[in-house]
Amino acid sequence: MKDLRIAVVPGDGIGVEVIREACAAIEAVAAASGKRITLTPFDWSADAYLKTGVSLPADGLKMLAENFDAILLGAMGDPRVPDNRHAADILLGMRFGLDLYVNHRPVKLLDARLCPLKGVEPKDVDFVVFRENTEGLYVMMGGNFKKGTPDEVATDIDLNTRKGVERIIRHAFEYARATGRKKVLMSDKSNVLIHAHDLWQRVFKEVKAGFPEITASHMYVDNLSLQLVRDPRQFEVIVTSNMFGDIVTDIAAGLQGGLGMAASGNIHPGKISLFEPVHGSSPPIAGKNIANPIGAIATAALMLAHLGWKEEAARIDAAVLEAVRAGQTTVDIGGTLGTREAAAAIVERLKPRS
Ligand code: IPM
Ligand code: MG
């Protein structure tokens, strides 16, 4: 198998700290299996933006697509850039510019004690959210009229294309089929968004006909938000729009023990893809060795699995699970360790046993 080439963008805040540990986990698992992977850092961050005025370099996307198999990103966001312009340019720039239309967010509870719900076991929280990632309310189309006056009008357009809606719904069904999952649930707000989400309804109906072995169902997104915390056992695969997926995956992260636990991939099947923990840069705890490295390490595993290193990914997941069960974690999920020490507890388990 060919060597893997990963572009690493630690970004801002705790992104830097957790990506350092995700890289250590990747290097440990590669060394143990005798495979080669190169990790090439890129300083695309608030620091770089403030120094140079450049957020995402002009040739950045082309350079990534030509030279790398995947991108591992930490987090973007810094209080010194009040509108977080650089974050939008870099993260949304990659999502849109590389057409990463699948936002794949696995939701898996590792230990009952991490879930805020009563009586919920790891087997009860095990589903995947597919969030449309290239359109919807994220396209930044819209504008202001009479800005700054009492008569101001402001709009943001919810843009939905047949192509965009179809490819994410199809991906959800194909994923269910490929992984033996039996249920796909589509969530929208078609009772109110009678144009855009009617398109989701029609496309869902059409696509599901090609997957007769899979039970297809629907929930309005407000009800989905309730059902996720009422009984997460109901879900196997959820597919939804960009903005609803953003919100629902924060709720889902809560079921897993918080944002520090959640992994994600921004994927265009067959092309370069971007992997990032769901959490943000968390300025208040940055640089303090407090941040939970598990979201980033689980993201590294998701990336390796996507690139065909299935065994290595499984080894990382197993090491994370062992460390969590042993209570060797950061404070946010009940441990006493710092970022580095919690990551070391995982990385140690990845080294060859002599
Ligand atoms: C996420 C984040 C981003 C989003 C922000 C940082 C733009 O919340 O990846 O979930 O809204 O997609
Ligand atoms: Mg979000």
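The protein chain splits into domain 1 (1–105 + 259–354) and domain 2 (126–255), with bounds that come from an automatic or database domain assignment. On the domain 1 side, 17 residues join the contact, and domain 2 brings 20 residues to it, where contact means heavy atoms within 4.5 Å. The centres of domain 1 and domain 2, taken over C-alpha atoms, are 25 Å apart. This is a predicted model, in which local features need pLDDT of at least 70 and side-chain atom pairs count only at pLDDT 80 or more, while totals for chains, interfaces and linings use all residues. Residues are numbered from 1 along each chain as its sequence is written, ligands are numbered from 1 in the order in which they are written, and side-chain values use heavy atoms, leaving out hydrogens and water.

Now for the ligand. Both domain 1 and domain 2 give residues to the shell around ligand 1, so ligand 1 lies between them. Around ligand 1 are Arg95, Arg105, Arg131, Tyr138, Asp246 and Glu276, each with a heavy atom within 4 Å of it. By class, that shell holds 5 charged residues, 1 nonpolar and no polar ones; Asp, Glu, Lys and Arg count as charged, and Tyr is among the nonpolar ones.

Polar contacts here are pairs of N or O atoms within 3.5 Å. An oxygen atom of ligand 1 lies 2.5 Å from a side-chain N or O atom of tyrosine 138. For arginine 95 the corresponding distance is 2.7 Å, and for arginine 105 it is 2.8 Å.

Key. A polar contact is a pair of N or O atoms within 3.5 Å; within protein, one must be able to donate a hydrogen and the other to accept it, and residues adjacent in sequence count only if both atoms are side-chain atoms.
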